[in-house]
Amino acid sequence: MAKPAGKNVVKKKKSIKLPFGTLYVTTTSNNTIVTLTDLQGNKVSGWGTGMAWFKGAKESTPYAAEVLTHNIIKEAKEQFGMKQVRLIMRWVGLWRDGVFKWINNVGGIDIVSIKEDTGIQFGGCQGIRPKRN
């Protein structure tokens with residue numbers, strides 16, 4: 001179906017002011033994902049290390065996490081005016097050093113709290129019993 005002839009309407013982006021937010025940092029053996037949310041938990045911004053031009057085995061390195069955190073924090077300061085951030089970490093890995101290193105070096109954003117949200121293994125399902133003779 002053809003578009004009706006007329007003026008092109010360009011929607012203006014909303015200017016969001018977000019002085020306080022939550023930074024979720026999740027890692028697996030292959031990737032690191034950083035997500036920035038507001039106080040209600042709505043996603044404002046988020047990337048994986050693939051968006052920061054890392055591919056393959058380089059995605060799970062501390063340097064990739066550092067570059068990714070740099071991009072997210074820079075966007076948060078410039079576009080949203082963020083002053084304070086709360087960190088929630090998931091899973092374990094070498095990426096923690098990169099995240100803390102960048103947030104401490106960048107300045108201008110204060111870490112209010114750090115929470116560990118890694119799941120705990122509990123024992124799993126019951127195994128199959130051996131047959132009786």
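Predicted model: local features only at pLDDT ≥ 70, side-chain atom pairs only at ≥ 80, totals over all residues.
1. A residue counts as buried when its relative accessible area is under 20%, exposed when over 50%, and partly exposed in between.

2. Start with Thr69, which sits in helix H1. Its relative accessibility is 1%, so Thr69 counts as buried. Leaving out residues up to four places away in sequence, Thr69 touches Val34, Val99, Trp102 and Ile103. A polar atom of the Thr69 side chain also lies 2.7 Å from the backbone oxygen of Ala65.

3. Now compare Thr61, in the loop between E3 and H1. Here the relative accessibility is 27%, so Thr61 goes down as partly exposed. Asn30 is 31 residues away from Thr61 in sequence, yet the two C-alpha atoms are 9.0 Å apart in space.

4. On to the sheet. Five strands make up an open sheet with mixed pairing, and their order is E3-E2-E1-E4-E5. Strands E3 (43-48) and E5 (110-116) are the edges, each pairing on one side only. On average, neighbouring strands are turned by 15° against each other, direction ignored.

5. Within that sheet, E1 (residues 20-27) and E2 (residues 32-37) pair in the antiparallel sense over six bridges. Thr26 has Ile33 in E2 as its bridge partner. As a reminder, strands of a sheet pair through backbone hydrogen bonds, either parallel or antiparallel.

6. Finally, the helix against the sheet: H1 (residues 62-80) packs on it, touching E1, E2 and E3. The direction of H1 makes about 155° with that of E3.

Definitions and conventions: Residues numbered from 1 in each chain as written. Heavy atoms only, no water. Pairing = 2+ DSSP bridges. Helix = DSSP H or I, 4+ residues; strand = E, 2+ residues; numbered from the N terminus. Axes fitted to C-alpha atoms, helices over the stretch in contact; angles between N-to-C directions. Contact = heavy atoms within 4.5 Å. Buried < 20%, exposed > 50% of the residue type's maximum accessible area, 1.4 Å probe, protein only. Polar contact = N/O pair within 3.5 Å; in protein donor to acceptor, adjacent residues only side chain to side chain.
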